[in-house]
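This briefing is intended for a reader who is meeting the structure for the first time. Please keep the sequence and the model in view while reading the points below.

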Amino acid sequence: MSQTLPLLSILTFTPLIGAILLLFVNKNSHGVLRTVAMVVSVLTFVLSLPLISGYNGAGTAPGNIGGFQFIEKVPWIAAGPFQMNYQLGIDGISLWLVILATFIMPIAILSTWTAVEEKVKEYMICLLLLEVGMIGTFVSLDLFLFYIYWEVMLIPMYFIIGIWGGKNKIYAAVKFFIYTMVGSLLMLVALIVLYFKAGGGDFNILRFYDLTLDPASQTWLFLAFALAFAIKVPMFPLHTWLPDAHTEAPTAGSVILAAVLLKMGTYGYVRFAMPLFPDATATFTPLIATLSVIGIVYASLVAMVQADVKKLVAYSSVAHLGFVMLGIFALNTQGITGGMLQMLNHGVSTGALFLIVGFIYERRHTRLITDFGGLAKQMPVFAVMFMIVTFSSIGLPGTNGFVGEFLVLLGAFQSSLRWYAIIATSGVILSAVYMLWMFQRVMFGELKNPKNQVLKDLNAREVIIMLPLLFLIFFMGVYPRPFIDSMAPSIDRLIKQTTKNQVAKIAPAAAAMLAVPAAQAATAAPGAPAEAGAPAATGAPAEAGAAAAPAATAATAAAAAAPHGAEPAPAAHEVK
Amino acid sequence: MFEYVWLIPLFPLIGVVINGLFGKKIKNEMIIGGIASLAVFGSFLVSCGILVQLLGMPGEERHFEKTIFTWIQSGTFKADVGFLIDPLSCVMLMVVTGAGFLIHLYSIGYMHGEEGFYRYFTYLNLFVFSMLLLVTGNNLLLMFVGWEGVGLCSYLLIGYYFHKKSAGDAGKKAFVMNRVGDFGFLLGLFTLFWYMGSTHNVWTINFRELASHADMLPVGGVVTAITLFFFIGATGKSAQIPLYTWLPDAMEGPTPVSALIHAATMVTAGVYMIARMNFIYIKSPTTLLVIACVGAATALFAATIGTAQNDIKRVLAYSTVSQLGYMFLAMGVGAFGAGVFHLMTHAFFKACLFLGSGSVIHAMHHALHHEHSDADPQDMRNMGGLRKKMPITFWTFLIATIAIAGIPGFAGFFSKDEILWQAFSNPHHGEMNIVLWLAGACAAGLTAFYMFRLVFMTFFGKTRLSDKAYHHLHESPFVIVFPLIVLAALSMFGGYLGVPKVLSEFFTGGAFPNYLEHFLDPVFAYSTNFMAHSGHGEGHHSVALEWGLMGGSVLIACGGIAFAWALYIAYPAIPGRIVATFPVLHRAVYNKWYVDEIYDFMIVNPCKAFSNFLWKGFDVVIVDGVVNGVAAVVRGLSGLLRHVQTGLVHNYAFSMALGVVVIVGCYLFR
């Protein structure tokens, strides 16, 4: 890939240029407005494709810094000691999220072709600005820049819900805004504190990764970041803004909200909260896992009894994101890979579900399950697509949903979160219950309601919207290798990052936690290679060169803390 | 031929794609049905080729693996899309593709004129594809893909007449109950993978790799947990207590579906899974006992319900549940070969019975239709005397009934008797053996009774149809009766593949070996050796005892038949009197012991109520209450503060004056 082209900047600002272009279009020529927005979003997607081919998972490509590629760095604001850079780059984790955002956007725009007839110009501008924010958030390597994009994203979404939303739009929009804002402000404070802890300089995230903070400040900083991200995910019990926002938002808003915006929260954890504050991560893992598992079971149960299809899908989102969180906090390869895949899968499947709900809402102007029934007879094409998406959401093997969910559970089961994994596995039953029950009531049975007897099946535009999503549902289910393979190095780096500092820093709690797997390995199978003590083993070599002494102390501390006087397992050997 | 194993699942998949995408445009039933049937026939031919090649190899070398591509690889975990051919999967292949082909053929006649004909064959092909993945997958995860895939197809086909609420309900119930089982299957997989990996550094889910490391598995302990988890999966898929209630409801689907999915193939997946992992199961005596007890209890329990049902398909459905119980009984007593043998013979006679009942329903439907009667064509109380009108259906049905009843010489006799003998003589369960045998024997008597009750009520006696309807009754077309004939022949002679040693020695001096057992031996070799080494080899029971038990079970079966004859032919007034004498008992049996109602009361309704509470109580009142409460407090406070900034100059002047007074006051009175 030619590194001379600032691809990521071009990508980020293409929608912005599109939005500016739209300013000069007559607000009554809806066709032109829609076409311009569509062309711009497709162009953005096409421009994002070179990232896939250009990204080198192994990380040996020229211009690769700390596992990141397509790096751009321009000094931006220099105010005395404060140095903010415009610094971009992607790794295997953000790569696919960027693609997800650029991929979903044309679909979302196409889905609003006939749904939004008022203030089309402003609507399209909002959508494109939203895309700027989304891409920018995923590609920023400068914490300050990240924060700016994070906020940029919030405003168009606020308008989308508040202006083009349903009956109760103001309440939903304000709730969405305030919830997110509370989190963002805490994050801003934490960000500034972190900056001063780092002793000034620039806001380069790669630099912050090398910091070793004392446990107390880690705890507070982690809490601030984690709260901001947990609201965005959303995690139980901070989830109640989501059903409201989803039900009130127009279809395109719901699709983007579910497919991309929720991933900001989980992305925030893997990019910032976890690698920056490894000790705090270890300390809070049980809490977060508990909330994730409650989220899975609770949201599934609540989804089951919803009367409104869109609310049901919104609650199912909460459950799916619970799986993601459980996976990434398992902090092993399978768990994080599963969590990352599940983010993409959720984007595809739940995005598709919201489109489906949008299709029938546009026809019937109701989303109540009881208003439907027997649609399968009247709308066979719609029925097939709805069914495929439903089973993808349930996580049927062969569809995308399965691979992610399976790896999450497998990973969690092998980590210290085994019992959580067992409870979370019951989610596979519950998801079948609420999705199939809803599907049955909407699609099966007799076509009684006269209003439903005249419904038209999907038109060509709607079929075209769905086709790419259906393709991905099967492709990611049958051949997830390209995704997994390109993520793998970045995920390994993340695990090292998050476990390295734990070893280096001799926080007693963390050392004890590390010692448990090591001790298990030592007692269960003497002489077995290091697999079971993976966190300790993988963490140590990376540290060996830079800070051999603290690492060694950590290993001994770990061994001392281990029950039954287990021998200082792999970590100590590696350090020598 | 081995190299072409991937063709076996590919053919039906091609059928799915063609019929699924273009079926609606093709319209022609012969082409749609032809493509689907041909696809399965292609798989059948390849399977035959593989069988021949397998037979041409020495026993211990009869296995072959082919990996197509790596599906998921993450860290230490790796799952391939790969196929395993060995005697066990080969037996399953023959059953699935063979029975599958016949049932496809039958469906062309049976589903003639149905709306959504193409949809039916798409689902049916998809089912065969999934089932073939299940039985040929070389690792646990691929097996799970098939496992869930057949569940999906079962859901789709049960709900085929989706405009009926009962069909939709039944499909959903089947899928959800299967998912409960899948929950167990997944936990089993996780535990096995984690245990073998973290303690023995064997990170694999490949069957042959697991089998080669079977020595590392301890006896009991974690293995009991693993095997019990997997067994939960089996109870869901194979309709065992406590997850059996979906299978009778599954009869909402078209009858050929019941024959293929809910009798011959899918529901035996649990049995196959245990047989496939016999080397793990043999390590846990506890699990074996649980399986044996669940199997025996299911066999007996379902048989009791079968005696009081009037819907011809429901009788067969409970019979299936009961027969599956036998297979699990076999697994639980370590008689894996006998279980697979019964799986095979059951596929023959039960498919024949279901297709036969389909033929009857088909004829009844047309006859009643002519009369514009809305009587239930599946209710045996509307039938009677059908044998004269439908001779082929009658004879094939009778042969299959004799086979399932366990009359010597027919397929069911050999396999069922083998299981009963093993239940009695196995080295695993000590004192429990006699209980297991007794349950099995009683169930055998009940089976003979309810099956002959069905035959007598349907085919014998005076018809209960009106003359006009009876006049319109006629034998089904060739595509329907041809599969019946083939399956009846298999029900008659299929048992000779597994003639027990004692019979073979008596009649032929041992010249007629137990083919199936020898064929399957290598698959179960580890378990056999393990038992031999742990001092639990073949029990030493006298030949006389084996003869005695065999005679006993035959007698019990004959007793059941005689009883059915007495009640439904000789003295038809008696059943009514029995019902009148024991109304409570009859109602309980007729209503399936109220198990569905109990489940609703204990699980479904509380779950719904609790969910409603979570939503309306917790989510809306508590969480949003706090959120909105905070907002209200903020608004209230700001409402108060608002009075400070009114924008009116005299207010500001007043507060300024007040401030001055306060400061001055403080200063003065300090």
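**Backbone features in loops**

A:Lys119 is found in the loop that runs between helix H3 (92-111) and helix H4 (120-139) of chain A. The model under discussion is a predicted one.

- Although A:Lys119 is not a glycine, its phi is positive, at about 50°.
- A:Lys119 has 14 other C-beta atoms within 10 Å, and is therefore partly exposed.
- In chain B, the loop between helix H26 (583-590) and helix H27 (595-642) contains B:Tyr594.
- B:Tyr594 is likewise not a glycine, yet has a positive phi of about 60°.
- Because 12 other C-beta atoms lie within 10 Å of B:Tyr594, this residue counts as exposed.
- The peptide bond that leads from A:Val233 to A:Pro234 is cis, and its omega is near -15°.
- A:Pro234 belongs to the loop between helix H8 (215-232) and H9 of chain A.
- B:Ile241 and B:Pro242 are also joined by a cis peptide bond, with omega about 5°.
- The position of B:Pro242 is in the loop between helix H8 (222-237) and helix H9 (246-249) of chain B.

**Chain A as a whole**

- Chain A has a secondary structure of 25 helices and 3 strands.
- Chain A has 576 residues, and 61% of them count as buried.
- Of the contacts in chain A between residues at least 6 apart in sequence, 79% link residues at least 24 apart.

**The sheet of chain A**

- The 3 strands of chain A make an open sheet in the order S1-S2-S3, with mixed pairing.
- S1 and S3 of chain A are the edge strands, each pairing on one side only.
- Helix H1 (residues 7-23) of chain A packs on this sheet and touches S1 and S2 of chain A; the direction of H1 makes about 70° with that of S1(A).
- Strand S1 (residues 69-79) and strand S2 (residues 82-90) of chain A run antiparallel and are joined by 8 bridges.
- A:Gln69 faces A:Ile90 in S2(A), and A:Ala79 stands opposite A:Phe82 in S2(A).
- A hairpin is formed by S1(A) and S2(A), with 2 residues between them; in the turn, A:Gly80 has a positive phi of about 60°.
- S2(A) pairs with strand S3 (residues 201-202) of chain A in the parallel sense, over 2 bridges.
- A:Phe82 has A:Gly201 as its bridge partner in S3(A), while A:Gln83 stands opposite A:Asp202 in S3(A).

**Two helix pairs**

- In chain A, helix H9 (residues 241-248) packs with helix H12 (residues 309-330) at an angle of about 140°, their axes being 9 Å apart.
- With that angle, H9(A) is therefore oblique to H12(A).
- The crossing of H9(A) past H12(A) is right-handed.
- From H9(A), A:Leu242, A:Pro243, A:His246 and A:Thr247 meet residues of H12(A) that include A:Lys310, A:Ala314, A:Tyr315 and A:Val318.
- By class, 5 nonpolar, 3 polar and 2 charged residues make up the contact of H9(A) with H12(A).
- In chain B, helix H14 (residues 312-332) and helix H17 (residues 411-425) pack at an angle of about 40°, and their axes are 9 Å apart.
- H14(B) and H17(B) are therefore oblique to each other, and H14(B) passes H17(B) in a left-handed crossing.
- B:Tyr326, B:Leu329 and B:Ala330 of H14(B) make this contact with B:Lys416, B:Ile419, B:Gln422 and B:Ala423 of H17(B).
- The contact of H14(B) with H17(B) comprises 5 nonpolar residues, 1 polar and 1 charged.

**Where chain A touches chain B**

- Between the two chains, 46 residues of chain A are in contact with 43 residues of chain B.
- Among the helices of chain A that each supply at least two residues of this side are helix H11 (278-304), helix H13 (333-364) and helix H21 (481-505).
- H18(A) gives the most to the side of chain A that touches chain B, namely 7 residues.
- That side of chain A divides into 30 nonpolar, 12 polar and 4 charged residues.

Definitions and conventions
Residues numbered from 1 in each chain as written. Chains lettered and ligands numbered in written order. Predicted model: local features only at pLDDT ≥ 70, side-chain atom pairs only at ≥ 80, totals over all residues. Pairing = 2+ DSSP bridges. Helix = DSSP H or I, 4+ residues; strand = E, 2+ residues; numbered from the N terminus. Contact = placed C-beta atoms within 7 Å. Nonpolar A, V, L, I, M, F, W, Y, C, P; charged D, E, K, R; others polar. Axes fitted to C-alpha atoms, helices over the stretch in contact; angles between N-to-C directions. Parallel < 35°, antiparallel > 145°, perpendicular 65-115°, else oblique. Left-handed = near helix turned anticlockwise from the far one by under 90°. Buried ≥ 20, exposed ≤ 12 C-beta atoms within 10 Å, placed from the backbone.
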